[in-house]
Amino acid sequence: MLPRREVFPHVIEINYQARQRLGCCVYLVFNDQNEWLLIDIGYEDTVGEIIEMIRQMDFPLANCKYLIATHADVDHIQGLSRAKELLPSAQVVAHPSAARLLEVGDRISTYAEISAQGISIDMPACKVDLEVTEGDVIDLGGDVKLEVWHTPGHTDGQLAFRSGDLLFSGDNIYRDGCVGHIDAHHGSDIPDFIKSLERIRDCDARWLLPSHGPIFQNRKELLQSTIDRLNTYLHMADFGTCAVDWPLQDEWDEELLKGFDPKTAE
């Protein structure tokens, strides 16, 4: 039997457990009856290793109640179909927006197919058994409950989960202040992202458990710095249709009326 390396009581993060990076963060949450759930699963090629590790930690595979997707990016969900085969008693859980992509195996919106960068990987379809959104509660039994937060911005189906002092924060924020990528084709929305980050900043959760990288404390100054940066994105051409405006265009309109003079042009 493998010793359980809990990062917090009743919480194991699989990369920390393995002492190596297997992919995105995969959180195993369990109760006193050894009933458990997974938040995210990662790529298909690591599913077998993850499930075997869980078995060796003496978690009965039949006791897996939920397989939860924080959102529908391929690096978080590609292995869900395979995990469901190995854990047939578990319910697959996702936001309705993510469920639509999962159930058809959408390759574009999940980033399984990015032809310009030569990325083309399988995205097996997976039936979602339970759709959840803001205010729902995932009850594992005993005292273990996850309050569902809908935190759109990175994707419109991004979820976070509150449990006591912990917030499983998805791709909203990482320890270095970075956020999940912003892409119009991906359904990203910068104003929504800012609102989600403000919610995290203002909550009293002590620890943030992200979907990538190390666990870290909820520091208001870090969140505020990120929010300030995203506010500048709202007015930059770099972010295309994710921006709300581009002030340079207004300046150009004024200059078109005046005409171009190389003597005064900057």
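These legends walk through a few close-up views of a predicted model.

Residues are numbered from 1 along each chain as its sequence is written, and side-chain values use heavy atoms, with hydrogens and water left out. Because the model is predicted, local features need pLDDT of at least 70 and side-chain atom pairs count only at pLDDT 80 or more, while totals for chains, interfaces and linings use all residues.

View 1. Rolling a probe the size of a water molecule over the atoms shows where empty space is left. Here a cavity is a set of points, on a 1 Å grid over the protein atoms alone, where a 1.4 Å probe fits but cannot get out, and lining residues have an atom within 4 Å of a point. Grid points are joined across faces, edges and corners, and a volume is the space filled by probe spheres set on the points. That rule gives 2 cavities of 30 Å³ or more. The largest one has a volume of about 40 Å³, and its lining includes Ile 14, Leu 22, Val 26, Tyr 43 and Ile 50. Sorted by class, this lining has 7 nonpolar, 4 polar and no charged residues (nonpolar means Ala, Val, Leu, Ile, Met, Phe, Trp, Tyr, Cys and Pro; charged means Asp, Glu, Lys and Arg; the others, Gly among them, are polar).

**View 2. The second largest cavity.** This one has a volume of about 30 Å³. Among the residues lining it are Leu 38, Asp 40, Leu 67, His 76 and Leu 80. Strand S5 (64-68) and helix H3 (74-77) are the elements that give two or more residues to this lining; helices (H or I, at least four residues) and strands (E, at least two) are DSSP runs, numbered from the N terminus.

**View 3. The largest pocket.** A pocket is an open set of points with protein on both sides within 12 Å along at least five of seven lines. This pocket holds about 380 Å³ of space. It has 13 lining residues, and the closest to its centre are Glu 255, Phe 260, Thr 264, Ala 265 and Glu 266. The lining divides into 5 nonpolar, 3 polar and 5 charged residues.

**View 4. An open sheet of 6 strands.** The strand order is S10-S11-S12-S13-S14-S15, with mixed pairing (two strands pair if DSSP finds at least two bridges between them). Strands S10 (137-141) and S15 (216-217) are the edges, each pairing on one side only. Strands S11 (residues 144-150) and S12 (residues 159-163) run antiparallel, joined by 4 bridges. Val 148 stands opposite Phe 161 in S12.
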